[in-house]
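Subject: A structure for you to look at

Hello,

Here is the structure I promised to pass on to you. Have a look through it first, and then read my notes below.

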Amino acid sequence: MLMPTSDVAVAATRLRDAHAALDDSAALLRRAAVLAWDSSAGDDCRAAISDLLTILATDSGAVEQAVRVTAALETP
């Protein structure tokens, strides 16, 4: 099934935006993880952030691959 060029362009833009949003989110989580929380709740939060960063790294890799594939579709 062929996709109209405009559909590919919209998809490419959305994927690039998603990739940037994932990167921004990961940066915010990294900053939160280095806050000086001296409590068990702080330790729990850092552990949760670590888990989230692992998930975001996986998702970011998948989105990055989708960005590359979509970019190839845009190139004649």
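Leaving aside neighbours within four places in sequence, His 19 is in contact with Ser 60, Val 63 and Glu 64, where contact means heavy atoms within 4.5 Å. His 19 sits in helix α1; helices (H or I, at least four residues) and strands (E, at least two) are DSSP runs, numbered from the N terminus. With a relative accessible area of 17%, His 19 is buried. Buried means under 20% relative accessible area, exposed means over 50%, and partly exposed is in between, using a 1.4 Å probe and protein chains only.

Before you go further, please keep in mind that this is a predicted model, in which local features need pLDDT of at least 70 and side-chain atom pairs count only at pLDDT 80 or more, while totals for chains, interfaces and linings use all residues. Residues are numbered from 1 along each chain as its sequence is written, and side-chain values use heavy atoms, with hydrogens and water left out.

Ser 60 belongs to helix α2, residues 40-74. Is Ser 60 buried or exposed? Its relative accessibility is 11%, so Ser 60 counts as buried. Apart from residues within four places in sequence, Ser 60 touches His 19, Leu 22 and Asp 23.

Helix α1 has 29 residues and spans 42 Å from its first C-alpha to its last, close to the 42 Å expected at 1.5 Å a residue. Helix α2 has 35 residues and reaches 50 Å between its first and last C-alpha, close to the expected 51 Å. The expected span is 1.5 Å times one less than the number of residues in the helix.

How do α1 and α2 lie relative to each other? Their axes come within 9 Å and cross at roughly 160°. The axes are lines fitted to C-alpha atoms, for helices over the stretch in contact, and angles run from 0 to 180 degrees between N-to-C directions.

On α1, the buried residues are Val 8, Ala 12, His 19, Leu 22, Ala 26 and Leu 29, and they pack against α2. On α2, Gly 42, Ile 49, Leu 56, Ser 60, Val 63, Val 67 and Thr 70 are buried, and these pack against α1.

Which residues make up the largest nonpolar core? It consists of seven residues: Leu 22, Ala 26, Leu 29, Ile 49, Leu 56, Val 63 and Val 67. The elements giving two or more residues to this core are α1 (5-33) and α2, and α2 provides the largest share, four residues. A nonpolar core is a set of buried Ala, Val, Leu, Ile, Met, Phe, Trp, Tyr and Cys residues joined through side-chain atoms within 4.5 Å. Leu 56 touches Leu 22, Ser 25, Ala 26 and Leu 29, not counting residues up to four places away in sequence.

Ser 25 is in helix α1 and, at 32% relative accessibility, counts as partly exposed. Ser 50 is in helix α2 and is also partly exposed, with a relative accessible area of 40%. The C-alpha atoms of Ser 50 and Arg 30 are 20 residues apart along the chain and separated by 8.5 Å.

Enjoy exploring!
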